[in-house]
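Please open the model in your viewer, with the sequence panel beside it, and follow the stops below in order.

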Amino acid sequence: MHDKTIGIIGGMGPEATAILFQKLIKATGASKDQDHFRIVIDSNPKIPDRTAAILGKGPSPVKAIVSAGKNLEKIGADIALIPCNTSHYFFDQIQAGLKIPLVNMIKELGIFLNNSYPQLKRVGLLATTGTVKTRLYEEYIDGIQLIYPNDISQEDLVMTAIYGDHGIKSGNAGQRPRQLLIQAANELIATGANLVIAGCTEISLALRQEDIEKPLIDPMDIVAKAVINRLNERP
């Protein structure tokens with residue numbers, strides 16, 4: 001039986017939060033209910049948009065994210081994570097407002113790539129414009145060239161798939177967003193990407209491994225396993 005509590009600062013977006021919850025459950029490898037970790041979630045979809053904040057077009061999400069984290073602390077969370085890549089731009093500010101450790105999803109991905117793909121040279125990144133513009137992933141991935149969509153593909157394919165009128169954030173993870181993301185991923189592969197990162201948690205709701213010929217890595221898979229392994233190592 002695990003006596004630690006995991007906190008999820010969610011709502012960015014709500015479906016991605018639910019998916020991370022499921023990934024934590026599967027990563028635990030429990031044989032009965034009592035073998036699982038307690039998981040508490042504050043899913044607040046009212047948190048200001050992260051990309052808009054980074055681009056100077058909206059308010060900072062930090063206060064709202066920290067508030068959700070503090071709610072988790074009050075409930076008894078021992079560790080927390082955020083199922084939103086773009087929010088990691090504000091990671092240090094968020095961690096500074098919390099007492100419990102916040103696990104950095106992108107940092108964990110960098111560790112995973114170094115350990116699992118030591119010969120990897122070029123990686124394609126599908127992410128929000130906020131994540132792309134800030135080169136956020138470059139802070140945590142060393143010795144690997146990151147390949148981004150061109151400006152037109154970033155807006156017409158990736159951002160339309162995520163934020164469009166019939167995009168993933170509107171509750172549609174169906175054929176249209178999927179096809180847009182497949183096209184964007186294949187463009188990265190054609191440019192030389194040996195692997196593609198689903199660098200926005202919404203992307204994982206539509207794009208599947210069977211859609212592309214190169215490995216597709218979901219950072220939520222990596223951080224879920226990292227959190228479970230970390231807590232299993234504790235006495």
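Contact, throughout this tour, means heavy atoms within 4.5 Å. The model is a predicted one, in which local features need pLDDT of at least 70 and side-chain atom pairs count only at pLDDT 80 or more, while totals for chains, interfaces and linings use all residues. Residues are numbered from 1 along each chain as its sequence is written, and side-chain values use heavy atoms, with hydrogens and water left out.

**Stop 1: the sheet with S1**

Helices (H or I, at least four residues) and strands (E, at least two) are DSSP runs, numbered from the N terminus. Select strands S1 to S4, which form an open sheet in the order S2-S1-S3-S4 with parallel pairing; two strands are said to pair if DSSP finds at least two bridges between them. S2 (38–43) and S4 (102–103) are the edge strands, each pairing on one side only.

Are the residues of S1 buried or exposed? Six of the six are buried, so the strand is largely enclosed by the rest of the structure; buried means under 20% relative accessible area, exposed over 50%, and partly exposed in between, with a 1.4 Å probe and protein chains only. In a regular strand, side chains alternate between the two faces of the sheet.

**Stop 2: Ser-87**

Select Ser-87, in the loop between S3 and helix H4 (91–96). At 0% relative accessibility this serine counts as buried, and, when residues up to four places away in sequence are not counted, Ser-87 touches Met-12, Arg-50, Ile-65, Ile-82 and Ile-94.

**Stop 3: H9 and H5**

Next, display helix H9 (residues 219–233) with helix H5 (residues 105–116). H9 lies across S1, S3 and S4, running at about 175 degrees to S3; axes here are lines fitted to C-alpha atoms, for helices over the stretch in contact, and angles run from 0 to 180 degrees between N-to-C directions.

Two packed helices are described by the angle between their axes and the distance between the axes. For H5 and H9 the axes come within 9 Å and cross at roughly 90 degrees, which makes H5 roughly perpendicular to H9 (an angle of 65 to 115 degrees). The contact is made by Met-105, Glu-108, Leu-109 and Phe-112 of H5 together with Pro-219, Met-220, Ile-222, Val-223, Ala-226 and Arg-230 of H9. These residues divide into eight nonpolar, no polar and two charged, where Ala, Val, Leu, Ile, Met, Phe, Trp, Tyr, Cys and Pro count as nonpolar, Asp, Glu, Lys and Arg as charged, and the others, Gly among them, as polar.

**Stop 4: the sheet with S7**

Move to the open sheet of four strands in the order S6-S5-S7-S8, where the pairing is again parallel. Its edge strands are S6 (145–147) and S8 (216–217), each of which pairs on one side only. Three bridges join S5 (residues 122–126) to S6, and in S6 the bridge partner of Arg-122 is Gln-145.

Within strand S7, select Ala-198, which counts as buried at 2% relative accessibility. The C-alpha atoms of Ala-198 and Arg-208, 10 residues apart along the chain, are separated by 9.7 Å.

**Stop 5: the largest nonpolar core**

A nonpolar core is a set of buried Ala, Val, Leu, Ile, Met, Phe, Trp, Tyr and Cys residues joined through side-chain atoms within 4.5 Å. Which members of the largest core touch the most other members? Of its 24 residues, they are Leu-126, Leu-181, Val-196, Ile-203 and Leu-207. Helix H7 (151–163), helix H8 (175–190) and strand S7 (195–198) are the elements that give two or more residues to this core, and H8 gives the most, with seven.

**Stop 6: Gly-167**

Finish at Gly-167, in the loop between H7 and H8, which counts as buried at 0% relative accessibility. Leaving aside neighbours within four places in sequence, Gly-167 is in contact with Thr-160, Ala-161, Ile-162, Asn-172 and Pro-177.

Conventions: Parallel < 35°, antiparallel > 145°, perpendicular 65-115°, else oblique.
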